[in-house]
Amino acid sequence: QVQLVESGGGLVQAGGSLTLSCAASGSIFRVETMGWYRQAPGKQRVLVATITHSGSANYADSVKGRFTVSRDNAKKTVYLQMNSLAPDDTAAYYCYADVRVSLMRSYDYWGRGTQVTVSS
């Protein structure tokens, strides 16, 4: 069993910053791609940023230049540094991980989500 536990959400004023963390635990051979998605009320869940095991990052256009995704492979943890936050960034943020549980098997896992609210 694999679990993803997020932390770091909260309420912040526009222009402020927050850092999200997500740690993977359980029966893990190796964590491949990790990342973050978000879902605003009434909208679909969309990609925010992902990062591969080797550190190659990918960002949604809406967050480029403001958000930075990073990871610590030894800790099986992914981070999302969010700067210059705007009300449009308000959403539930979900951690994602492609976890290899053995040499031949990998599965997608999701965290429960952490709320980020940006006030104007």
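Mentor: We'll take salt bridges, then the pocket, then a surface patch. This is a predicted model, where local features need pLDDT of at least 70, side-chain atom pairs count only at pLDDT 80 or more, and totals for chains, interfaces and linings use all residues. Residues are numbered from 1 along each chain as its sequence is written, and side-chain values use heavy atoms, leaving out hydrogens and water.

Trainee: How many salt bridges does the structure hold?

Mentor: Five. A salt bridge here is a side-chain nitrogen of Lys or Arg within 4 Å of a carboxyl oxygen of Asp or Glu.

Trainee: What does Arg 38 form a salt bridge with?

Mentor: Asp 89, with the closest N and O atoms 2.9 Å apart. Arg 38 lies in strand 4 (residues 30-39) and Asp 89 in the loop between strand 8 (77-82) and strand 9, so the pair ties together parts 51 residues apart in sequence. Strands are DSSP runs of E, at least two residues, numbered from the N terminus.

Trainee: Is Asp 89 buried or exposed?

Mentor: Buried, at 2% relative accessibility. Buried means under 20% relative accessible area, exposed over 50%, partly exposed in between (1.4 Å probe, protein chains only). Arg 38 is buried too, at 11%.

Trainee: And which salt bridge does Arg 66 make?

Mentor: Arg 66 also meets Asp 89, at 2.7 Å, N to O. Arg 66 sits in the loop between strand 6 (57-59) and strand 7 (67-72), 23 residues from Asp 89.

Trainee: Which residues are linked in a network of salt bridges?

Mentor: Arg 30, Glu 32 and Arg 100. Arg 30 and Glu 32 meet at 3.1 Å, N to O. Arg 30 is partly exposed at 36%, whereas Glu 32 is buried at 14%.

Trainee: Switching topic. What volume has the largest pocket?

Mentor: About 160 Å³. On a 1 Å grid over the protein atoms alone, a pocket is an open set of points where a 1.4 Å probe fits, with protein on both sides within 12 Å along at least five of seven lines; lining residues have an atom within 4 Å of a point. Of the 14 lining residues, the closest to the centre include Arg 38 and Asp 88.

Trainee: Where does the largest share of the lining come from?

Mentor: Strand 5, with three residues.

Trainee: Last one. Where does Leu 103 lie, and is Leu 103 buried or exposed?

Mentor: Leu 103 lies in the loop between strand 9 (91-100) and strand 10 (106-110). Leu 103 is exposed, at 63% relative accessible area.

Note on methods:
Helix = DSSP H or I, 4+ residues; strand = E, 2+ residues; numbered from the N terminus. Points joined across faces, edges and corners; volume = space filled by probe spheres on them.
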